[in-house]
Amino acid sequence: MITWLNTRSPRPWWALALLASLIAAWIPLAPILAPLVRIDRLAQMLDSRTAMLLWRSIWMSSGAGLVAIFLGWPYAIMACRLRFPGAGLFKLLMPLPLLLPPLMVAQAWFGLTGMTGAWASIFTFGVCYAPLPALLASRSLAYQSAAAHESALLIGPGFAIGEMLRISFLPAMIGACFAFLFAASDFAVPDYFATVGDLFHVYAAEIFGNSRNYDYAAGATSSLPLVLLGFLVLLGTANLQRRQMNFETSHGRSATGLNLRTGQFFSSGLCLALIVVLLLAPLGRIIYETGMQGPLSERSWSEVSSAAFHDAVTRGRDDVLRTLSYSGLAGLMCLVLAPLWAHMLLKSRSIRRFALMIGVTLPLLVPSVALGFGSILMFNQPWLENFYNSIWLPALLVAGRFLPIAVWIMVERMGRIPEAQEDAAALAGCGYLTRLFRYRLGPVRSAWWLAAGLVVAFGVRELDFAILLPAANQSAAVRYYNALHFSRDNFVAAYGLVLAILLFLPVMLFAWWRNLRPSQA
Amino acid sequence: MSSPLLNVQSLQKSFGAQKILVDLNLQLEAGQRISIQGPSGCGKSTLLRILAGLESPDDGTISLSGKAANHKQYILLQPWQRSTQMVFQDLGLWPTRSVLQHVIDVRKASNLTDPKGEGEKILNQLGLGHLLKRRPGKLSGGEARRLAFARVMALEPKLILLDEAFSSLDPDNREQGFEMLEQVLASTGAAVILVTHDPAEAERLGGTAYRMMEGQLSCV
Amino acid sequence: MALYLGLKSAFPKGNESELSTPSGHGMGLATFCMMFRLSPALLLPLFLVACSGETPDLVVYCALDQDLSEPLIKEFETRTGLTVQTQFDVERNKTVGLVNRILAEAKNNPHCDVFWNNEIAHTLRLQQAGLTVPYLSPAAEGIPAAFRDADGHWTGFAARARVILYRTDAKLPVPTKLDDFLDPKFAQHGAMAAPLTGTTLTNATVLAELRGRQEVLDWFTAVKAAGLHFGSGNADVMRRTTSGDFHWCFTDTDDAAKAIDAGHPVAVRYLEQGAGTTGVLLIPNTLCLLDSGKNQSAAKQFADFILSFETESRLAHSVSRQIPLHAGALIPDGVGKPGTDFQLMEVDWTAVAANIGDLAIVLQEAFVR
């Protein structure tokens, strides 16, 4: 069976990837493509008010990117390349803030500081997405040549740190660009801070309002500025990535950690302060909120907290399992599709690459609710009724929407493997799957799992299109958001923690496993 | 009587059960040249890294110009305090910095005078004057090697450590490399330790030739 | 062109990257092959099983909070032995998500048998689109005619009132009528949700029917100028009142009940009481049967159960203290009895449903800034 699957030509496999994207993303996108480019209608919608909303979204998202880089970049350098007590643990904790739902972090920081308004949103996004610059910077630091680091060290520790900063600057910027993208399309966090403080809005609220007041098509039309902005940022990001690849020249021996002697306690303290801001403070506050009550309440904190956790586990269990099922299936699909897509992009040139890039990225940039309505219009047919009602539909849509994230990671990783390795295998008569999975993907398989894991994590957080699909309607995200709206604060906190732990656990295990295998690319 | 530039006494280093350096002794005067030959994995590079302060020994002492640099496993002088520079086999150039920035950066970091003027002079001397704005990724192999030596020259060290610095070169390029080294040594007056597995390189360098066997040095 | 040029340099050629030596990486292919070996054995049956799920006896789309409605639906299943597939909405969509979904699904393959809305205006939108089917439930006979469609296209039950929630621990004035909001002495210590969604939007539309659209828009401008704080939602202004940011807020009775239950020093006041006033706006849940429903008989059974005296009483005793409309319903302490404890506002719901969409757009332009 493997023999006939392992064809020499990549074309059947690329066709499979395109077919999967056709079903998972492009068919549901079809009904919104025409309204998306209704320039005449967009011109009617764009006025000074909406322009101001768009401007606010841009500067807030830029601010979020800056905060993310400010928090994540130094953290990555300290945790990955300085030697001090606890550095390993700090490195292990680095990706976790990314798994906390931004709304939960917003709620926690409001509870801790009372902050509200646009600046609170910027801070919250910065905290939530700081792991993006941190993770990308840490990867580039892992690729720094040991000789380059030691040459710098012979001049001075400050110079060695400067060289680390220089080598990891572009990846940190790329992370900040992704933070910008995620922040620009998020409606829930600014809405929350407008809720608890003075009313303000961002452009995503206009898209949401239009989707609701008119129909999904109006929402799609008004999303065009954000979609274009997203493409521009992604193109900029891809160029930064290409420039960065010229800077990473490790030949096997990786640079070792830098011992700052007396400075190690300062590093340890600073890292601790950062992880408190990024993770421990929000988690601590949420734990406290599981048992929080009004002043006239007669129940103790522990009674209320236990009841909240009991509720979270009993009432939310089925929703969590359902969510993990379709998100897990989506992750499995991306495990297969992302390397195929990434390889296809790496092997394509000029116009074809451009078209593929747009095709794979568009589902992530359009409003989620429009994708959901598109899938209703296309898949809700009498002859597809069982499929429409099954978990395969949300699994496919989660895979289609978040595949771009997995593909970006794989393109970035697989692009580092010299083509000569794959060419040599081709000359030896290896089939396509062997070439792809053993010689192109093998050395970067940790990134492969990470890519699929991120799809699962984003799938668990998805709300807007999940609510529209029969099998995903009762999801963990729906229960969480509804509880938040209905002020069931104890339940929200407990349920959020249960979800966070479920997402943390595999990531911690994965990171721990990777730390045991430092030689991997 | 003045102290030797480098004095190594009873140096020991092991990796697990494998003994790499066993009671190793070495002395080097200012401006002296020595070469150390030996098969791959015998500990030549480890010795250089310990001398540079990039790795700590298990035991023994190292002093530089009479100043204790190591005592047992403790590093007393940090790498940047040893007035020592090293040329690595893969050069260790900084990918984000231009050719000119390489020399300016190191002169600034070491508080040396006129970083830009002196830097340009050194680069012109080594034939890199027309590539000032280029990054290492865009240099040919020979140009990159000249830049590595220019960086060493810019720092005016007292001791230069060459870790298989010419090993991957063809004979013509190797000869050019040695000519460049002569320029650097003439300009800095530094002592040099060359680690190599090729007896021809040791012969070309001149000075004292050692062979490393079972963790110890013996004169060839 | 710029996009194209940007992309052209976006991805590197493989030979530009530096060497990274693979070591022991057969697992990539092995895992992939294992997945393919397993795929016929595991994925296909899984796909078939997932795609051939049992058809439910009834499909209910429910906009009421899942925590309140789910136990009642389970109770219905237990009593009748019917299986119900329930689809909920996320509260921030304020029922419009489900209504838009019903409209979208109706184009090719309708699924919904019964729509349980937690308000009224959007149910009438479905009626106006010709998607509802009349049913006069015998269980709804005790519900006043003002809360039922004469032909039975929809029936109202278990309502929420728009009220003032105020702190009892401060000696500040509390409004007694809507126009008190115009007075800075009240406005500067109060809050209400921006009239963009939910019951606040319905309330604004009702006011527009009573006073005229322009006058209501002017009224909102004036109360804003007087210092009234506009928040994002009813629950949110309630939360900020309990935390002491405001002395009072204009919200719904279900949010007010939560604040009282959580032990905060707050109480409820009904607006517009007394001669010559409009009375309190009461917004009921509504139930309608869909014309395209495939399970009409089960849908009628469900309507009888939900519109019953018993269900209303249970919702009245729930955490959200829904106000029962059945004459003689059991009303718990702390829940006002319509017509007795407070005077009711008369509303032309058909006109409200017809105008709510347009007004929402105007208000979005006024408030989303």
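**Notebook: helix packing and chain contacts**

I began with α2(A) and α20(A), which are therefore roughly perpendicular to each other (65 to 115 degrees counts as such). The model is a predicted one, in which local features need pLDDT of at least 70 and side-chain atom pairs count only at pLDDT 80 or more, while totals for chains, interfaces and linings use all residues. Residues are numbered from 1 along each chain as its sequence is written, chains are lettered from A in the order in which they are written, and side-chain values use heavy atoms, without hydrogens and water.

**Entry 1: the helix pair**

I looked up the geometry: helix α2 (residues 11-36) and helix α20 (residues 392-414) of chain A pack at about 80°, their axes 8 Å apart. Axes here are lines fitted to C-alpha atoms over the stretch in contact, and angles run from 0 to 180 degrees between N-to-C directions. Helices are DSSP runs of H or I with at least four residues, and strands are runs of E with at least two. A:S21, A:I23, A:A24, A:A25 and A:P28 of α2(A) meet A:L396, A:L397, A:G400 and A:L403 of α20(A) (contact: heavy atoms within 4.5 Å). I sorted these residues into seven nonpolar, two polar and no charged; Ala, Val, Leu, Ile, Met, Phe, Trp, Tyr, Cys and Pro count as nonpolar, Asp, Glu, Lys and Arg as charged, and the others, Gly among them, as polar.

**Entry 2: between the chains**

Which chains share the most contacts? Of the two pairs in contact, it is chains A and C. I found no contact joining chain B and chain C, whose closest C-alpha atoms lie 10 Å apart.

Next I turned to chain B and chain A, where the buried area is about 2000 Å², with 65% from carbon and sulfur atoms (accessible area, 1.4 Å probe, lost on being put together, summed over both parts). I noted one salt bridge across this interface (side-chain nitrogen of Lys or Arg within 4 Å of a carboxyl oxygen of Asp or Glu). B:R49 and A:E150 meet in a salt bridge at 2.6 Å, N to O. On chain B, the side touching chain A draws at least two residues from each of α1 (44-52), β7 (84-87), α2 (99-109) and α4 (141-155). That side divides into 14 nonpolar, six polar and six charged residues.

I counted 40 salt bridges over all chains. I also looked up B:D198 and B:R174, which form a salt bridge with the closest N and O atoms 2.8 Å apart. B:D198 sits in the loop between β9 (191-196) and α6 (199-205) and B:R174 in helix α5 (residues 171-188) of chain B, so the pair ties together parts 24 residues apart in sequence.

Methods. Angles under 35 degrees count as roughly parallel, over 145 as roughly antiparallel, 65 to 115 as roughly perpendicular and the rest as oblique. Buried area is the accessible area (1.4 Å probe) that two parts lose on being put together, summed over both.
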